[in-house]
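Welcome! Please take a moment to look over the sequence and the 3D structure below, and then read on for a short tour.

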Amino acid sequence: MNELTRRDEMSLAGAALRGAPWKAAAVTGGGVAATTLLMGLITGSVDLAFALGVSVTLFTLVASVGAISKPNIGDRVTQQARNWSLRHPWRFALYPAAGAAILLYPVQLVLDGEGVFGAAWDALCGGALIYLMTGIVAMAMRGRAAKN
C-alpha cells in the first residue's frame, strides 16, 4: 500500500512549490507583459489578452521550474517534496498546469471575449503547454534528485 493518493500528490507538489522563486516569476511575467504591450503599441496591434496570457504562462513556468531546480535547499519536508517532484515529473507538472489554466481562464473570458467554452478551451491549451514544458524540463533535471 505504498501508492499515493491524489491528495498526497497535491500536497507534495504544493510543498515543492512552496519554495518557488515567486519574485523572479513575477518580474519575468510582468516584464514580458510590458514588453509585449510595448511591441503592440509600436506595431499598432495591442492585444492585452495575448500579453497577459504569455505573462501567466512564463510566470507559471519560472515558478514551477525554479521550485525544483535546487532540491537540496530548504527544510526536510521541502527537500523530500522536491525530490518526489523530480522522480515523478509528469505528476508534478499536473499541478502548475492546472494553476496556469485557472489563471488563464478569466483572462480569456473577460479580455478576449470568446465565451465560456472558447475561454475554457484556450485555458486548457495553455495548461497543456505548461504541462509539457514543465514535464520535459523536470525530466531533464531528474539527475538532481537525491538517491534515498
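Helices here are DSSP runs of H or I with at least four residues, numbered from the N terminus. With that in mind, α5 and α6 each supply at least two residues of a nonpolar patch. Keep in mind as you explore that this is a predicted model.

**The nonpolar patch on the surface**
- The patch is formed by L48, L109, V110, L111, V116 and F117, and together they have about 590 Å² of accessible area.
- Helix α5 gives the most to this patch, with 3 residues.
- F117 has its place in helix α6.
- Is F117 buried or exposed? With a relative accessible area of 74%, F117 counts as exposed, because exposed means over 50%.

**Helix α6, end to end**
- Helix α6 covers residues 115-140, which makes 26 residues.
- From its first C-alpha to its last, α6 reaches 38 Å, close to the 38 Å expected at 1.5 Å a residue.
- Which residues of α6 are buried? Among them are A119, A123, G126, G127, I130, T134, G135 and A138.
- The cover over the buried residues of α6 includes α3 (48-68), α4 (76-87) and α5 (89-111).

- In soluble globular proteins, nonpolar side chains tend to be buried together.
- In this model, the largest nonpolar core has 21 residues, and I68, F92, I130 and M141 are those with the most contacts inside it.
- Helices α1 (6-17), α3, α4, α5 and α6 each supply at least two residues of this core.
- Which helix provides the largest share of this core? That is α3, with 5 residues.
- Leaving aside its neighbours within four places in sequence, I68 is in contact with S85, L86, F92, A138 and M141.

- S11 lies in helix α1, and S11 is partly exposed, with a relative accessible area of 46%.
- S11 and P89 are 78 residues apart in sequence, and their C-alpha atoms are 15 Å apart in space.
- P106 lies in helix α5, and P106 is partly exposed too, with a relative accessible area of 41%.
- How far apart are P106 and D8 in sequence and in space? They are separated by 98 residues in sequence and by 28 Å in space, C-alpha to C-alpha.
- Why do S11 and P106 count as partly exposed? Their relative accessible areas are 46% for S11 and 41% for P106, and partly exposed lies between buried, under 20%, and exposed, over 50%.

Definitions and conventions
Residues numbered from 1 in each chain as written. Predicted model: local features only at pLDDT ≥ 70, side-chain atom pairs only at ≥ 80, totals over all residues. Heavy atoms only, no water. Expected span 1.5 Å × (residues − 1). Buried < 20%, exposed > 50% of the residue type's maximum accessible area, 1.4 Å probe, protein only. Contact = heavy atoms within 4.5 Å. Core = buried A, V, L, I, M, F, W, Y, C linked by side-chain atoms within 4.5 Å. Patch = residues over 30% accessible without salt bridge, like charges linked within 9 Å, V, L, I, M, F, W, Y side chains within 5 Å. Areas by Shrake-Rupley, 256 points an atom, 1.4 Å probe, with all protein chains shown as cover. Salt bridge = Lys/Arg side-chain N within 4 Å of Asp/Glu carboxyl O.
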